[in-house]
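Q: I have a new model open and would like to learn how to read it feature by feature. Could you walk me through it?

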Amino acid sequence: MDKPQSTALLFELSRPGRRCHRVPSCDVPPMPLEQLVPGRFLAETSLPLPELSEVDVVRHYVNLSTRNMSVDTNFYPLGSCTMKYNPKRHERLAALPGLADVHPLQEECSIQGLLELLWHLQNLLAEIAGLPAVSLQPAAGAQGELTALLMAAAYFHHRGEKREVVLIPDSAHGTNPASAAIAGFHVVTVKSNGNGLVDLQDLMNKLNERVAVFMITNPNTLGLFETNILEIAHRIHDVGGLVYLDGANMNALLGRCRPGDFGADMMHYNVHKTFTGPHGSGGPGAGPVAVRDFLAPFLPVPVVAREESGRFFLDENRPLSIGRVRSFFGNIGILIRGYCYLRTLGPQGLRQVSDQAVLNANYLLHRVREFLDVPHGQRCMHEFVASAARLKRERQITAMDVAKRLLDFGYHAPTVYFPLVVPEALMIEPTETESKETLDAFADMLRQIVQEDANFLRQAPHALPISRPDEVRAAREPVLRWLPDS
Ligand SMILES: Cc1ncc(COP(=O)(O)O)c(C=O)c1O
C-alpha cells in the first residue's frame, strides 16, 4: 500500500473477499429481480464497493472524525458565520419521536402539534423582526434572499411597475449580488465611505425609479451599525423602492431593535447562525423571510395558518404567491432547534445574547488592536475586521499566513479576504457564547503569531495532515468523484 493507513480511502484499503461479518445465506427462495425492479433499471455490472473488515471501517471513520474542527472542540471565530455554541438540549427535543418521525405527506390532522410549533415560530420571528408575515420555507440565508427578491419582482409586476435595479453596498456578502442576479435584477454597487458605512452621496447618485430593492446588511460585514439607516430607508421609500435587510447579523440586535422599525420591508434570518442550528460545511440551514403586510400575498406556499376553530393547516390557497421554494415545509429539524432556543431564552434572554455578543466582540477588538490594525474599529457590534496589510508591507506576512498558523494551535481561522473593502482582511466574530479566558487566550496567541518569522509563517500550518491545498485549482477544477487512478 502506498499511502499510510490513516490517510488512505476505503477504496484503497479494500482487499477482495474481506468482510465485516457474514450472515447465513437466506433459505427463502428470492423473488426474481425483474419482478421487483423494472427491467430498464437493471444493469449487468456489479458495483465496485470496497471490501473491508469491521475494525478497518470503524478506525477509518473515527480517525476522520478526530480531524474535524467544530464549535464543540475549538474556538471558532469565523466572522460573518456566527459559529456559536449549539446547546445539546435542542438535539434531544428535535429528536423527540413526535417531531423527528413525522412524514411530510401525513394528513394535517395527524401533525397538529408540529404545525402549532411552526405557527408559533412564525409569530416569534415576526415579532423579533417587527415584520408581520413570515415564511419558514427557505433552506438557507442565500435562499431567503432569493425568495424575498422573487417576491419583490412579483410585487412590482403586480403593480405594473418596471424596476430592474437592485442596489447593494460594496461591503455586502457575495450571496446578495448573486441572489439579485438570479432573481433577474441588474446589480448596482453602492460605495462605502471612509467610516465603513454606506456612502449616502453615492447612494443618492444611483437612486432612481428604476430601483426595486436596496439590500443592506445591518450591522454590516465590518461589524458597524449603519447609523443612517432611517434616512436611507426614507430615501428608498421616497422613490417607491423596497428595503431588504440581510439578517445574518441579527445576534447583534436581538431584543434591542427591530428591522421593521428601522425601515426594512423584508428580511431573512439565518436560523443556523442566530438561533444556534448546528452548521458548517454547508448545512443544513434555515433562512425564513419576514415581510410587511403588503408583501404577504407574495410569500411562498405553503404558509402555516390557524383556523378560528384552532385547527392548524398548510395554506396553499394564495393566488399571488411566488410558489414553492422548497419541498414540504422547510428544514424542519433546524426550525425546531431555533424554536427551542427562542422559547428557552425568552425576551430577556435574547436581549442578553445581543449584549454579550457586542461586549465580547468589543473586548476582543480592544485586545487585537494592540498589535493589528483595525481600519474601522474604534467600536464594533458583533464582529470586527482586522487588516494584515501593514504586516504584509513591512514583513511580507499575509492574512492567510496568520490564519493558517492559528490552526496549529487548535483555533479555527477567522474569515479572510472578506469583506473586500479591507485589504488583507481578518474578520473576527467571537460570538456571545465564549468566555473572557477564551478570548484572552486567542488574543495572546494571535499576538505571538504576528511576531513569528515570516518564512516560518509562510509554511504554516506545520502540525496538520494537510497544509496548504491549492484553493484556486480546487475551485476551478473540482474533482468531485473518486476514480481508481486519481
Ligand atoms: C452577511 C451574510 N449574508 C448572507 C449569508 C448567506 O447565508 P447562508 O450561508 O445561510 O446561505 C451569509 C453567510 O455566511 C452572511 O454572512
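Predicted model: local features only at pLDDT ≥ 70, side-chain atom pairs only at ≥ 80, totals over all residues.

**Reading the model step by step**

Q: Is histidine 90 buried or exposed?
A: The idea is to look at relative accessible area, where under 20% means buried. Histidine 90 counts as buried because its relative accessibility is 1%.

Q: Which residues does histidine 90 touch, apart from those up to four places away in sequence?
A: With those sequence neighbours set aside, histidine 90 touches Thr276, Arg337, Cys340 and Tyr341.

Q: Let's zoom out. Which domains does the assignment give for the protein chain?
A: The domain assignment gives domain 1 (10–66), domain 2 (88–344) and domain 3 (347–474). Between the C-alpha centres of domain 1 and domain 2 there are 44 Å.

Q: How should I read a nonpolar core, and how many residues has the largest one?
A: In soluble globular proteins, nonpolar side chains tend to be buried together. Here the largest nonpolar core has 60 residues, and Leu118, Phe214 and Phe275 have the most contacts inside it. Two or more residues of this core come from each of helix H6 (112–129), strand S2 (165–169), strand S4 (211–217), helix H10 (229–238), strand S5 (242–247), strand S6 (266–269), strand S9 (312–315) and helix H12 (332–368). H12 gives the most, with 11 residues. Domain 2 (88–344) and domain 3 (347–474) each supply at least three residues to this core.

Q: What is phenylalanine 275 in contact with, leaving aside neighbours within four places in sequence?
A: The partners of phenylalanine 275 are Leu125, Ile128, Leu254, Tyr269, Asn270, Arg337, Gly338, Tyr341 and Leu342. Apart from this core lies another one of 32 residues, including Leu364, Phe384, Leu406 and Leu457.

Q: Where is isoleucine 397 found, and is it buried or exposed?
A: Isoleucine 397 is in the loop between helix H13 (389–395) and helix H14 (399–408). With a relative accessible area of 0%, isoleucine 397 is buried. Not counting residues up to four places away in sequence, isoleucine 397 touches Ala388, Leu391, Lys392, Val402, Val450, Glu452, Ala454 and Leu457. The C-alpha atoms of isoleucine 397 and arginine 19 are separated by 51 Å, and these residues are 378 apart along the chain.

Q: How many salt bridges does the structure hold?
A: To read one, look for a side-chain nitrogen of Lys or Arg within 4 Å of a carboxyl oxygen of Asp or Glu. The structure holds 29 salt bridges. In one of them, aspartate 355 pairs with arginine 256, and their closest N and O atoms are 3.0 Å apart. This pair links distant parts of the chain, with aspartate 355 in helix H12 and arginine 256 in the loop between S5 and S6, 99 residues apart. Aspartate 355 is partly exposed at 35% relative accessible area, and arginine 256 is partly exposed at 46%.

Q: Which parts does the salt bridge between arginine 447 and glutamate 370 tie together?
A: The side chains of arginine 447 and glutamate 370 meet at 2.3 Å, N to O. Arginine 447 is in helix H15 (residues 436–450) and glutamate 370 is in the loop between H12 and strand S10 (384–387), so the pair ties together parts 77 residues apart in sequence. Salt bridges with shared partners also join Arg367, Lys436, Asp440 and Asp444 into one network.

Q: Which residues form a nonpolar patch on the surface?
A: Met31, Leu33, Leu36 and Leu42 form such a patch, and together they have about 380 Å² of accessible area. Methionine 31 lies in the loop between helix H1 (10–13) and helix H2 (33–36).

Terms used: Residues numbered from 1 in each chain as written. Heavy atoms only, no water. Patch = residues over 30% accessible without salt bridge, like charges linked within 9 Å, V, L, I, M, F, W, Y side chains within 5 Å. Areas by Shrake-Rupley, 256 points an atom, 1.4 Å probe, with all protein chains shown as cover. Helix = DSSP H or I, 4+ residues; strand = E, 2+ residues; numbered from the N terminus. Core = buried A, V, L, I, M, F, W, Y, C linked by side-chain atoms within 4.5 Å. Buried < 20%, exposed > 50% of the residue type's maximum accessible area, 1.4 Å probe, protein only. Domains from an automatic or database assignment. Contact = heavy atoms within 4.5 Å.
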